[in-house]
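Here is a short tour of a predicted model, written for someone who likes cut-offs stated plainly. Have a look at the fold first, and then we can walk through it together.

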Amino acid sequence: MNYFLRLFPILFFLAISLYSDAAAQDNSSVERETLVLESELSLAKSPIIYFVFDLKEKEVLLKSRGLVLRGMKVEDVGFWGDPVGVSPRPLVRKSALFKEPERVNIDPNKAKEEETLPPAASAAPGAFDVEALELKDMPTSYYLEFYERIFVSVRPKSVGFVSRLYAAASFTGWYASRPILTIWNSIKGRPFTSIYLEMGEDDARAIYWALVEKSENIIVQP
Amino acid sequence: MKKKMLVALLIVFIVFLALEACGFYLSRRGSALTESSGTEDARSLPELKAKNSGLKKRIASLSPKGTYLVIDTAKNRIYVKKGEQTLKEIVVSTGSGSVLKDPKGNREWVFDTPRGEHSIRLKKTNPVWTKPDWAFIEEGEDVPKSFKDRVEEGVLGDYAFELGDGYMIHGTLYTRLLGRNVTHGCVRVGDKDLKELYETIPVGTKVLIF
């Protein structure tokens, strides 16, 4: 009994502190949700398409008017640098890691030449390879730069030994270089945030396809 | 010599680790500062939850009422939707993304299907195509001066839905290209699906294109 009486105040204060800590966390997560919803409301009021990079829930949502047009799963997330506010962020630029998809330039002279060719040469039966920019032409490894120097690096989910080895090396390199970049940007007095997203190939391509430069998007950090 | 090399390597490694530690500290310090800076006024949890519920309702009120169309230009699909439910999926053709430059001028066209929110402004039966300048330039022909030389019948199918700025959802003669990005920005639909759309989709229906 004596033991219990001695321990009681300690247990009481411990319980109070745990409760208040949990309540504060609850409050802060609800506050954060409020900010996200306010940001989304500002975007949903306009007739635009926008992305919500919800890194906390590991998903990327393509939305319009608050409706989810397409949901994409994020396999893995890495986050480094200055925290990201939830206000809408314009996309400054997107760039492929290897080859940038190129638009086809139509040559009017070619159309004239094809008209003069005999039918057998101008239209090969069964073959209809179109000259166009299609989803399959989109890269799976690329960088996105959002306003206030938020860099998002998207990489495909690794499949097979070589791909896994490359992904591991890429991820290690990413983590090793971030602190040095943080110091460099801190010395320069510039904001710097780096985010690493590993996604399925189709989803990675779909983001590159639909994400337009200057479009506003929301990033919810983990 | 070997010992000097090892010492040098060790120094480089220690410097690298020190930089990593500094960078890590700077990054974490930034997070801690922002997390602790309250952006909201001090409100109670029930108040915040009530506010969030209100915000969710306001966002939901902005979504299209009744049936609406979602066009995925990457997959070349139209989804006929009502709320969250997909009523029908249609294979279509959308913009090729190709670029055409006018050899005689400074004009340039990019054949993308326009993204964003649109609405069906007009429904037509037996639509007639008034060929724009690019249709002639693309074929290497001179742009005609007379309006009647621009009119072409029977290429847009039996029905068309106008989205504005010359963009339409219409029929096609090239049904084997459905599912591919081949158009000049319009959305081409097969005959059967086009008829069904015409019978079920009213003027004013919202169209979300991405």
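In chain A, 75% of the contacts with a separation of 6 or more join residues 24 or more positions apart; two residues are in contact if their C-beta atoms, placed from the backbone, lie within 7 Å. Buried residues make up 29% of the 222 residues in chain A, where buried requires 20 or more other C-beta atoms within 10 Å of a residue's own.

A word on conventions: this is a predicted model, in which local features need pLDDT of at least 70 and side-chain atom pairs count only at pLDDT 80 or more, while totals for chains, interfaces and linings use all residues. Residues are numbered from 1 along each chain as its sequence is written, and chains are lettered from A and ligands numbered from 1 in the order in which they are written.

**The fold of chain A**

Chain A has five helices and nine strands, arranged from the N terminus as α-β-β-β-β-β-α-α-β-β-α-β-α-β. Both kinds of element are DSSP runs, numbered from the N terminus: helices are H or I with at least four residues, strands E with at least two.

Eight strands of chain A close into a barrel with mixed pairing, in the order β1-β2-β3-β8-β7-β6-β4-β9. Strands count as paired if DSSP finds at least two bridges between them. Neighbouring strands of this sheet are turned by 35° against each other on average, direction ignored.

Helix α4 of chain A lies across β3, β7 and β8 of chain A, at about 65° to β3(A). Helix α5 of chain A touches β2, β3, β4, β6, β7 and β8 of chain A, and its direction makes about 100° with that of β3(A). For such angles, axes are lines fitted to C-alpha atoms, for helices over the stretch in contact, and values run from 0 to 180 degrees between N-to-C directions.

**Strand pairs, within and between chains**

| Pair | Sense | Bridges | Facing residues |
|---|---|---|---|
| β1(A) and β9(A) | parallel | three | Asp54(A) and Val220(A) |
| β5(A) and β4(B) | parallel | two | Ile106(A) and Leu100(B) |

**Where the chains meet**

How many residues does the contact take from each chain? Chain A gives 51 residues and chain B gives 47 residues. On the side of chain A that touches chain B, α1(A) gives the most, with 12 residues. Other elements giving two or more residues there include β2, β3 and α2 of chain A. By class, this side of chain A has 29 nonpolar, nine polar and 13 charged residues. Here Ala, Val, Leu, Ile, Met, Phe, Trp, Tyr, Cys and Pro count as nonpolar, Asp, Glu, Lys and Arg as charged, and the others, Gly among them, as polar.

Notes. A residue is buried if 20 or more other C-beta atoms lie within 10 Å of its own, exposed if 12 or fewer, and partly exposed in between; C-beta atoms are placed from the backbone.
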